[in-house]
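Take a walk through this model with the sequence at hand.

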Amino acid sequence: MDSTEERKTDTKSGRASGGNALAIVGMALGGAIGAAIALVYSRGTGEQNRADLSKWAHNRLDDLQHKVDRTK
């Protein structure tokens, strides 16, 4: 393999890793923007939303515990 082929390989791998990093940054930015929009359009106060989320999470945890207990 000559040096020209080596340079092409290096360039291609550099582009691939740069593209992956850009995709990760884009997903993080999209998630942050989505979270901000969700907060603006939420139906309750912050305290109500936290209480609702906590209740939802506890219900999911209880459901999972019941499923685990049934499998034993």
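**Charged pairs, surface and confidence**

R60 and D63 join their side chains in a salt bridge, with 3.4 Å from N to O. A salt bridge here is a side-chain nitrogen of Lys or Arg within 4 Å of a carboxyl oxygen of Asp or Glu. Both R60 and D63 sit in helix 2, three residues apart, or about one turn of the helix. R60 counts as partly exposed because its relative accessibility is 34%. D63, at 36%, also counts as partly exposed. The cut-offs are these: buried is under 20% relative accessible area, exposed is over 50%, and partly exposed lies in between (1.4 Å probe, protein chains only).

This is a predicted model: local features need pLDDT of at least 70, side-chain atom pairs count only at pLDDT 80 or more, and totals for chains, interfaces and linings use all residues. Residues are numbered from 1 along each chain as its sequence is written, and side-chain values use heavy atoms, leaving out hydrogens and water.

The structure holds two salt bridges. Besides the R60 pair, D52 bridges to R43, where the closest N and O atoms are 3.9 Å apart. R43 reaches 79%, so R43 counts as exposed. Side chains of opposite charge can pair when their charged atoms come close.

Now the overall fold. The protein has two helices and zero strands. Helices (H or I, at least four residues) and strands (E, at least two) are DSSP runs, numbered from the N terminus. Helix 1 covers 3–40 and helix 2 covers 46–71, with Y41 in the loop between them. Y41 counts as exposed because its relative accessibility is 69%.

Y41 also belongs to a nonpolar surface patch of about 580 Å², together with L29, I33, I37 and V40. Patches take residues with over 30% relative accessible area and no salt bridge; like charges are joined within 9 Å, nonpolar side chains (Val, Leu, Ile, Met, Phe, Trp, Tyr) within 5 Å.

What share of the 72 residues counts as buried? The figure is 0%. The protein exposes about 6600 Å², and carbon and sulfur atoms supply 61% of that area. Accessible areas come from the Shrake-Rupley method with a 1.4 Å probe; for residues, only the protein chains shown count as cover.

Last, confidence. The average pLDDT (the predictor's confidence in each residue, from 0 to 100) is 82, and 75% of the residues score at least 70. Over residues 6–10, pLDDT stays under 50. The model gives that stretch one contact (heavy atoms within 4.5 Å) beyond four places in sequence. Where pLDDT is low, the predicted coordinates should not be read in detail.
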